[in-house]
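Please look over the sequence and the structure before reading on.

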Amino acid sequence: MTTMAGNERPKTNADGAREVWTAVMARVVLPSFLGAALFYVFIFLIILPAMEDSLIDAKSEVSRSLVQAVCAELAAYEEQVQSGSLTRADAQHRACELVRHLRYGDAAKNYLWIMDFHPRMIMHPYRPELDGQDVTEVHDAAGKPLFREFVRTARSGGGDVAYLWQWYDDPHRIEPKLSYVQPFEPWGWIVGTGNYVDDVAAQIQSVSRRLAAAAGVALSIVALLAGYQTWHGYRTEHRRRRAESAVQRLNQELEQRVEARTAELTQATQRLQAEVDERRQAESRQQALQQQLAQAQRLESVGQLAAGIAHEINTPAQFVSDNTRFLRSAFPKLADLLTQYRHLATVCRDGPVADELLDDLEAVVKTTKLDYLLAQIPEALSDSLEGLERVTKIVRAMKDFSHPGQQSMAPADLNKAIESTVTVARNEWKYVAEMQLELDPDLPHVPCMLGDLNQVFLNIIVNAAHAIKDAVGVGVQGKGTITVTTRTDGDAAEIRIRDTGTGIPEEHRHRIFDHFFTTKEVGKGTGQGLALARQLIVEKHHGTLTFETEVGRGTTFIIRLPVHSGETSTTKEPENDLAHSAGG
């Protein structure tokens with residue numbers, strides 16, 4: 001049996017308990033809390049600053065696009081001035097009134113202003129007392145001559161300027177602001193708009209609070225697991241030490257066997273702890289990545305829609321401009337011809353008409369190409385009106401699609417929402433598919449969050465266009481068809497979006513509503529579109545989102561929403577759904 005060394009103090013139960021707690025703390029508690037600390041550092045020092053920079057860039061891009069759109073409108077007014085249909089003063093007055101009433105942003109309080117290079121304020125919607133005033137010596141709260149800075153930036157072609165300014169229409173609140181200015185050279189104007197930095201800060205704070213809450217929950221779970229592992233480790237260690245004490249009374253062979261078994265148990269415990277830590281870290285990384293991808297998808301949607309809408313507006317605007325130039329060049333020729341006819345009428349009243357005068361008139365008619373102008377001018381006017389109607393339709397659809405965020409359900413016209421979404425997304429599908437709308441005119445208004453449904457319609461329609469593109473290419477084998485149908489089915493409104501795309505193989509069908517699942521190429525899909533759509537329809541609107549497909553023939557997505565608030569669509573989702581080829 002083992003004996004005590006000469007002067008070694010025998011270990012008491014308290015000494016053994018302290019050794020057990022020290023070992024358990026080193027193996028279980030410390031690694032758990034170090035992992036939680038690394039999670040906090042990663043989220044708040046890396047992810048959130050990157051998200052803030054991305055939000056600021058997105059808002060700056062929106063400001064730039066709006067200012068460029070307004071400058072395009074001013075150019076249209078200048079063309080009317082050049083054509084003589086408007087005076088310069090009338091055109092500038094109409095332009096000021098148009099810009100004065102433009103609002104955008106979540107609260108519809110963001111605005112644009114106009115000044116000149118003097119600098120003198122032409123129009124400011126929230127500071128009318130500055131209209132017509134010399135603002136050369138106007139400084140912000142930090143003493144910065146902001147209007148002179150606007151002029152300097154505009155002379156260099158336009159750009160962003162940071163300064164302090166009143167909070168929207170509240171003159172008593174001064175906040176940092178980042179504005180984009182651009183010159184409109186024909187009138188000597190400068191057009192600008194901007195975003196408050198605190199808007200981005202508020203969004204980041206909101207995200208921080210949600211992340212802090214999620215991290216708090218995760219930390220609580222970690223603490224519970226650590227507590228359990230501590231308790232479990234303490235008991236294991238305690239039993240081991242008791243076994244060692246008992247083994248001392250047995251022979252050496254039995255003692256060696258117990259020690260070998262104890263070593264095996266220790267290794268197993270360590271492996272189990274390592275697996276738990278690795279799984280916890282993987283889950284934390286997945287949650288952070290999911291949040292980043294969701295935000296990236298929203299920003300990507302904004303960029304894609306903005307580019308497509310700009311293209312859709314530019315096409316009719318271009319041929320309206322071309323037709324206007326044609327009419328401007330034709331008018332002098334017609335004026336010369338009318339002058340000759342007027343002279344001929346005067347001569348006819350005074351007596352016989354000389355042959356030379358008739359020859360001159362015939363020569364002018366040939367030079368003018370009167371038959372050509374009489375045929376082409378009505379077509380140019382008709383084409384111009386058609387182009388303006390297309391631009392009006394696109395702008396109206398943009399206004400309907402960009403529905404402000406709602407805090408509660410409100411009755412909405414789904415047919416109108418679908419038409420607006422189809423128009424806004426036209427650049428996504430027009431090259432590969434024909435769009436057929438079979439909308440029930442008697443469809444009742446449905447209680448919903450209209451902005452969320454617009455996002456769902458957009459995701460599915462864009463996916464349908466991509467599926468058809470995979471099937472037929474861009475016009476290589478003709479175009480496919482996207483059919484959107486609405487009808488009332490019992491106590492639910494049903495929306496069907498059918499395409500003639502590729503369908504999906506059997507092995508992918510059960511995963512299309514999973515987060516991050518996509519069959520698109522790397523960089524062309526986040527796997528969030530259909531997952532978000534299902535979440536909005538099922539969890540937020542208490543409806544159902546199902547689908548049917550056949551490989552090589554296409555896919556139909558079926559959305560059912562309760563017609564009356566508080567009800568839930570009673571149709572069950574089919575167990576053997578077939579998936580869409582886009583997968584989000």
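Predicted model: local features only at pLDDT ≥ 70, side-chain atom pairs only at ≥ 80, totals over all residues.

Residues are numbered from 1 along each chain as its sequence is written, and side-chain values use heavy atoms, with hydrogens and water left out.

**The chain as a whole**

- The chain has eleven helices and twelve strands; helices (H or I, at least four residues) and strands (E, at least two) are DSSP runs, numbered from the N terminus.
- Of its 584 residues, 38% count as buried, where buried means under 20% relative accessible area, exposed over 50% and partly exposed in between, with a 1.4 Å probe and protein chains only.
- Among contacts between residues at least 6 apart in sequence, 68% join residues at least 24 apart; a contact means heavy atoms within 4.5 Å.

**Helix α3**

- In helix α3 (residues 146-155), the buried residues are L146, F147, F150, V151, T153 and A154.
- These buried residues fall within an arc of 165° seen down the axis of α3, so they line one face of the helix; the arc is that of the directions from the helix axis to the C-beta atoms.
- They pack against strands β1 (112-116), β2 (121-123), β3 (159-167), β4 (170-184) and β5 (189-196).
- Just after α3, G157 has a positive phi of about 110°.

**Helix α6**

- In α6, L357, L361, V364 and T368 are buried.
- They cover an arc of only 60° around the axis, which puts them on the same side of α6.
- On the other side of α6, D355, E356, K366 and T367 are exposed.
- K369 follows α6 and has a positive phi, near 60°.

**Aromatic rings**

- The structure holds eleven aromatic pairs; rings of Phe, Tyr and Trp (its six-membered ring) pair if their centres lie within 6.5 Å, and planes under 30 degrees apart count as stacked, over 60 as edge-to-face and the rest as tilted.
- One of them is the edge-to-face pair of F147 and W165, 6.1 Å centre to centre with 85° between the planes.
- F147 lies in helix α3 and W165 in strand β3, so this pair ties together parts 18 residues apart in sequence.
- Ring pairs link Y111, W113, Y126, F147, F150, Y163 and W165 into a cluster.
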